[in-house]
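This report describes the fold of a single protein chain and then turns to one position within it. The sequence and structure are shown below.

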Amino acid sequence: MEHSKVLQQIKRSMLPAVLLNLLTEEPAHGYSMLNKLEELDVPGVKSGTLYPLLRTMEESGDIVSDWQITERGPARKIFKITAQGRQSLESINSWLRQFT
């Protein structure tokens with residue numbers, strides 16, 4: 001496997017950790033997370049990948065969501081990291097430090 005494909009696989013497999021990290025900065029809706037992932041050069045993440053993953057992360061208790069009603073436009077589902085999600089992220093970071 002060539003280097004770029006390995007790097008792409010690593011980036012995609014780390015998507016839950018990346019999302020948790022993004023949500024430590026501020027709560028966000030899915031569209032803004034897709035834009036941020038693109039800025040971070042995480043390849044090939046589409047809404048069909050992101051939203052099921054967010055649902056799984058919510059079911060596991062790492063994030064919670066709430067609807068934000070705006071005067072203009074549709075309501076947005078805003079995601080926030082939980083205390084459990086912060087612990088999960090710290091566990092991931094601690095595990096990764098073993099290899100760096």
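The model is predicted.

**The chain as a whole**

The C-alpha trace spans about 50 × 30 × 20 Å along its principal axes. Of the contacts in the protein chain with a separation of 6 or more, 49% are accounted for by residues 24 or more positions apart. The table collects further values for the protein chain.

| Property of the protein chain | Value |
|---|---|
| Buried share of the 100 residues | 27% |
| Accessible surface | about 6,900 Å² |
| Share of the accessible surface belonging to carbon and sulfur atoms | 51% |
| Distance between the centres of the positive and negative sets of side chains | 3 Å |

**Thr82**

Thr82 is placed in the loop between strand E3 (76-81) and helix H5 (83-97). Is this residue buried or exposed? The relative accessible area of Thr82 is 15%; because the cut-off for a buried residue is under 20%, Thr82 counts as buried.

The surroundings of Thr82 include a stretch from another part of the sequence: leaving aside residues up to four places away, Thr82 touches Gly61, Asp62, Ile63 and Val64. With one of these residues there is also a polar approach, as a polar atom of the Thr82 side chain lies 2.6 Å from the backbone oxygen of Gly61.

Notes: Residues are numbered from 1 along each chain as its sequence is written. This is a predicted model: local features need pLDDT of at least 70, side-chain atom pairs count only at pLDDT 80 or more; totals for chains, interfaces and linings use all residues. Side-chain values use heavy atoms; hydrogens and water are left out. Buried means under 20% relative accessible area, exposed over 50%, partly exposed in between (1.4 Å probe, protein chains only). Contact means heavy atoms within 4.5 Å. Accessible areas come from the Shrake-Rupley method with a 1.4 Å probe; for residues, only the protein chains shown count as cover. Lys and Arg count as positive and Asp and Glu as negative; His and the chain ends are not counted. The place of a charge is taken as NZ of Lys, CZ of Arg, CG of Asp or CD of Glu. Helices (H or I, at least four residues) and strands (E, at least two) are DSSP runs, numbered from the N terminus. A polar contact is a pair of N or O atoms within 3.5 Å; within protein, one must be able to donate a hydrogen and the other to accept it, and residues adjacent in sequence count only if both atoms are side-chain atoms.
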